[in-house]
Amino acid sequence: KKLVPGVAGTTYPIERLGIAPVVMADGPSAVRLSVKREGDDKKYFATNVPCETLLASSWNNEATYKIGKILGEECREYGIDVLLAPGVNMMRNPLCGRNYEYFSEDPLLAGKMSAAMVNGVESEGVGACPKHFAVNNQELNRLHNDARVSQRALREIYLKNFEITVKESQPWMIMTSYNNINGRHASEDRGLLETILRDEWGFEGIVVTDWGGGYDAAKQIWAGNDLIEPGRYAEVKRIMEAVKSGELAESDLDRCVKRVLELVVKSIRHKGYKFSNNPNLEENGKLTREIEPEGFVLLKNEQNALPFTKEQKVALFGTGAYNLILSNSVSVRSLHGRTVNLDEGLRNAGVSLNEALDKRYIKHMQNEKKRLAPFWKLRRWCTYDLRPVELRDIRNHTARAAEESDIAVITIGRNSSESFDRHVERDFNLNMHEQAMISAVSRDFHSRGKKVVVVLNICGPVEIASWRDKVDAILVAWLPGQEAGNSIADALLGKVSPSGHLSTSFPMKYADVPSQNFPHNEVEWCAESGKNLSRVFDQKQPIYYDVPNIDYTNYEEDIYVGYRDYATRKVEVAYPFGYGLTYSQFEMSDMSVKECKDGYKVSCTVKRAGNFPAKQVVQLYSSELAPEVDRPTIELRGYKKTPLLQAGESTVVEIVIKKEDLMTYNEKASAWKLTKGEYDLLLGFDSQTLPLKHRITITKEILK
Ligand code: GLC
């Protein structure tokens with residue numbers, strides 16, 4: 001930890017053998033290291049990049065690759081060999097506390113984005129470490145929860161994202177997850193780590209535990225989990241005894257040692273790279289600001305409420321505007337230099353705010369900071385629910401603000417964190433003060449013919465159906481990274497059109513979510529003591545209460561995660577997977593499907609029909625007409641984001657897929673199967689609007 005203060009950990013050096021230490025730091029929202037160092041007045045800042053959900057919502061692999069490069073460059077210049085990112089786990093349930101560190105509810109989108117980030121990081125000469133392998137989809141009791149999942153759901157959903165990552169990038173490391181999978185700890189599962197990860201997928205890097213994950217070091221080595229972090233002497237002793245007693249074959253240990261040495265010789269420290277401690281923070285910050293709107297999702301924009309102009313006076317509502325959330329968790333808390341809140345971002349863009357309202361909020365935020373301070377002291381981390389409350393007397397301000405201002409902008413914030421999952425009533429649903437604020441602002445602005453815009457600065461989906469009709473525009477900014485206020489202002493003022501599409505569905509209500517067996521509402525913070533009242537909180541020892549969704553979780557929904565469920569059961573959603581508007585309109589035509597070597601070239605023409613430069617995302621889904629096994633009515637098979645299209649400009653988009661992409665996992669045969677029959681290939685701009693269709697016939701069955 002002395003080598004680069006504040007990083008997650010290192011391997012042990014062995015000077016006498018010339019073995020250098022390997023330094024590993026967390027991501028994915030920033031390179032995590034201490035800003036201050038003993039006796040050194042330099043500040044070691046890191047760029048806070050957009051959260052992974054925003055990157056996946058960009059559907060732009062190139063953008064994610066560039067963010068990976070930023071993270072890689074900052075690792076290298078701070079003397080860090082491996083970035084412990086990206087988080088790749090599936091969004092099985094919208095309430096998982098770490099979803100914002102993950103990409104999507106769809107394994108193809110998650111896998112492609114993960115590979116793009118890995119390739120970006122590693123193009124800078126340092127390593128990446130996709131995590132947490134695997135099936136780590138809830139935070140409560142994460143060290144011991146047993147995820148009970150079918151082989152088919154494993155292969156088609158929970159491993160598929162990692163499979164794509166390994167096959168489309170070569171991560172230096174992969175981190176095993178804290179949880180058990182079907183009764184065996186992920187870090188002790190040889191079938192997972194040797195047979196699937198290495199023999200089947202061709203992974204060549206090393207496997208590291210999550211910090212403190214797993215139970216038995218000898219089993220971990222046997223299973224092919226090469227590196228145990230943070231590394232305690234008891235584990236060394238256990239391994240030595242197991243080798244001496246013959247319980248652990250020395251050859252099993254040797255293969256782990258060899259792999260760790262292969263990592264060492266790849267590391268910049270071993271190569272003696274002279275790192276500068278001066279990464280390109282300025283440039284990286286500018287690029288981050290440019291990329292952020294690529295992942296902003298415009299859900300609603302009635303009568304072109306957006307973009308507005310800087311001549312319009314803005315009434316800024318919501319504590320969230322004065323406290324924008326970038327990202328907050330132990331493994332992602334970036335100790336970057338700056339946060340640009342929305343009031344500052346709008347002022348930077350030349351917008352004038354309603355001063356009286358601004359003053360009221362600034363005073364309120366100071367009071368809230370004082371009120372919350374003791375609780376922040378109590379909590380080591382996971383402070384996501386210590387949010388300032390909304391103004392209780394909001395009604396006294398909305399009428400006057402509506403008189404004096406031209407447009408209202410309301411910001412709603414949500415954050416979450418490791419070790420805890422979100423809460424339905426207190427987190428997924430808006431609380432009564434937030435609802436009261438939206439109603440009061442809507443009533444007083446609409447009665448004067450003025451528009452209301454909502455900005456969602458959120459870590460994951462929130463309930464939206466009960467209030468969306470009261471407002472004219474809704475922009476999801478996710479956790480946008482350090483340029484937040486500036487990049488949101490860029491989008492609101494039309495410096496750039498948002499072009500994000502949802503990487504996860506927004507359900508009408510939480511009860512519609514297919515994975516109801518999930519520990520929602522288990523987290524009860526005791527406000528006074530700051531203690532977590534839920535039964536478990538990172539317990540160091542397994543505690544077998546045999547409580548469902550705590551000690552074990554049955555993945556009863558199987559492969560029906562997110563839109564796979566909603567589309568198949570025809571469940572209405574507030575906004576579907578893949579949905580997103582821009583400030584322009586687009587037309588799609590001329591679909592063509594050409595058979596090529598082992599798959600199909602699917603193309604179509606996209607034309608910009610609106611009068612604003614914008615990008616569009618073409619999504620390709622497949623649907624088997626008469627499947628022999630039940631399967632989702634649609635599954636994402638490919639996507640492509642267009643370049644920025646000028647007025648009237650059109651472009652031909654081409655997506656290539658393999659026949660094997662249409663396979664399902666056959667548990668009886670323990671193999672992937674492509675069944676003969678007819679399939680529809682569908683093109684659209686979201687998973688519910690698929691106007692172009694082409695039928696293909698598979699004549700030859702494949703089993704592999
Ligand atoms: C944390 C996280 C993991 C992180 C590691 C090192 O508990 O689960 O994502 O990389 O420990 O900080």
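How many nonpolar, polar and charged residues are in the lining of the largest cavity? The legends below get to that, working from a predicted model.

View 1. Zoom in on Arg-98, and you'll find one of its polar side-chain atoms 2.8 Å from a ligand oxygen. For Tyr-178, the distance from a polar side-chain atom to a ligand oxygen is 2.9 Å. On its own the ligand has 310 Å² of accessible area, and the protein covers 93% of that.

**View 2. The largest cavity.** Now for the opening question: the lining has 8 nonpolar, 4 polar and 2 charged residues. This cavity holds about 80 Å³ of space. Its lining is made up of 14 residues, and those nearest the centre are Pro-94, Glu-105, Thr-504, Gly-562 and Tyr-566. If you go looking for others, the count of cavities of 30 Å³ or more comes to 3.

**View 3. Two stretches to treat with care.** On the whole, the confidence numbers look like this: the chain averages a pLDDT of 93, with 94% of residues scoring at least 70. Residues 329-335 are another matter, with pLDDT under 50 throughout. The model still gives that stretch 34 contacts beyond four places in sequence. Residues 526-530 also sit below 50 in pLDDT, and this stretch has 9 contacts beyond near neighbours in sequence.

How values were computed: Residues are numbered from 1 along each chain as its sequence is written. Side-chain values use heavy atoms; hydrogens and water are left out. A polar contact is a pair of N or O atoms within 3.5 Å; within protein, one must be able to donate a hydrogen and the other to accept it, and residues adjacent in sequence count only if both atoms are side-chain atoms. Accessible areas come from the Shrake-Rupley method with a 1.4 Å probe; for residues, only the protein chains shown count as cover. On a 1 Å grid over the protein atoms alone, a cavity is a set of points where a 1.4 Å probe fits but cannot get out, and a pocket is an open set with protein on both sides within 12 Å along at least five of seven lines; lining residues have an atom within 4 Å of a point. Grid points are joined across faces, edges and corners, and a volume is the space filled by probe spheres set on the points. Ala, Val, Leu, Ile, Met, Phe, Trp, Tyr, Cys and Pro count as nonpolar, Asp, Glu, Lys and Arg as charged, and the others, Gly among them, as polar. pLDDT is the predictor's confidence in each residue, from 0 to 100. Contact means heavy atoms within 4.5 Å.
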